[in-house]
Amino acid sequence: MKIAAAVSMLAAAAGFAAWVGYERLDAPGDAPARRTAETRPVPVEVAPVERGPIEQRRTFTGTLMAQAEFVVAPKVSGRVERVDVDLADTVTRGQIVAKLDDAEYVQAVAQAQADHQVAEANLAEAQAQLRIAGRELERVSRLRERGVTSESQLDTSRADQLARQAHVQVTRAQVARAQAELEAARIRLGYTEVAAGWPGGSDRRVVAERYVDEGETVSANAPLLRIVELDPVTAVFSVTERDYGLLHGGQSTVLTTDAFPGERFRGEILRIAPVFQESTRQARVEVRVDNPDLRLKPGLFVRITVVLARVEDAVIVPEQALVRRDTGTGVFVLSGDGTTVAWRPVEPGIREGERSQITGTEPGAQVVVLGQQLLDDGAPVTVGGDTAGAAR
């Protein structure tokens, strides 16, 4: 038991000695080595604060659509004898693009002409009878003045003349109706030649789709061709509430498409919808794009870049220089001797690519763009591969 007690006392003494030694190592008098390690300069990369123009751009995705389109359809039914144009052909306003079998319509015109001639003959007969009735009334009137005929005979002649006059009016109406039917038959005959007569726009368009072939029988108003206007074309995209207020008519745009890599096409905002779609909470925007060589086609997927804002004389830093912390957004500015940095609160503005407009610091300074996550206000730094900052 005495031996066990002695061992316990030795263990306790060893523990106490170890604790004292640790406290001495951690005492303020021994701290310089630890502080030296804690204040070692942080390696950073810097970039200059610049002044110049900057633009806020937004790129939207959209689709090209034809500025206008016209569906060619016959106004009468019939069998298609020929179609004079095909896919991608150019069509001029008023050009005949298809022909229907017109045999029945030719016969209808002939029948209407015959009916019109019969109506004119009936009118001539009625007019002749009216003249005879007029002469008869004159003769009876003279006889009545001499007392040869009775008053009733005079009334009969007058009634006959009135009847003849009414008959003339009826036959004139029949002639007019026959004339109208003849004109209608001629118009229907003319409809067998189907013309592309679109209103407004340019005088030349292109066939986008063909729906029928020769020999098919079509009904009235059945589509034969779809003709579109390709110069200009319209780019359509949707915009959210965030960007809606920054867009306006006449704003210039730049379009790109995978169909023509590396090429840029100029456009101009033509119309902005005054309402948002409830399903998507987006508004429709239409951009007019001149297309004189007809290279851009409806249906192409495009990217539309719009300059939403521009500042001609802005203070600009790289986007990665901005540091966001609980106290706000700021940058670390390198001191004049290059050994320390200072925290400068800034207000971000327009962003263009990897550049950002700020207010709160002046051009000519150097801001940290790499390593700022390890920094605080007044922290020592070494720039790039420069080790001189650590020795200073």
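Some bookkeeping. Residues are numbered from 1 along each chain as its sequence is written, and side-chain values use heavy atoms, with hydrogens and water left out. Because the model is predicted, local features need pLDDT of at least 70 and side-chain atom pairs count only at pLDDT 80 or more, while totals for chains, interfaces and linings use all residues.

Strands first. Helices and strands here are DSSP runs numbered from the N terminus, with at least four residues of H or I for a helix and at least two of E for a strand. Two strands pair if DSSP finds at least two bridges between them.

An open sheet is formed by 4 strands, antiparallel, in the order S6-S5-S3-S8. Strands S6 (193-196) and S8 (217-218) each have a single partner strand and stand at the edges, so one side of each is left without a neighbour in the sheet. Inside that order, S3 (residues 78-83) and S5 (residues 95-100) pair in the antiparallel sense over 3 bridges. Arginine 82 has lysine 99 in S5 as its bridge partner.

Now strand S2. S2 and S13 run antiparallel and are joined by 13 bridges; glutamate 50 stands opposite isoleucine 316 in S13. S2 also pairs with S9, again antiparallel, over 10 bridges, and here alanine 66 stands opposite valine 233 in S9.

On to the cores. A nonpolar core is a set of buried Ala, Val, Leu, Ile, Met, Phe, Trp, Tyr and Cys residues joined through side-chain atoms within 4.5 Å. Buried means under 20% relative accessible area, exposed over 50%, and partly exposed in between, with a 1.4 Å probe and protein chains only.

The largest core has 21 residues, and those with the most contacts inside it include Ala235, Phe237 and Leu255. Strands S2 (50-72), S9 (225-239), S11 (265-272), S12 (283-289) and S13 (301-318) each give two or more residues to this core. Apart from it lies another core, of 20 residues, among them Val76 and Leu224.

What does leucine 255 contact, leaving aside its neighbours within four places in sequence? Its contacts (heavy atoms within 4.5 Å) include Leu64, Ala235, Val287 and Ile304.

Last, helix H3, residues 103-145. H3 has 43 residues and reaches 64 Å from first C-alpha to last, close to the 63 Å expected, the expected span being 1.5 Å times one less than the number of residues. Among its buried residues are Tyr105, His116 and Leu143, and what covers the buried residues includes helix H4 (151-190). Just after H3, glycine 147 takes a positive phi of about 80°.
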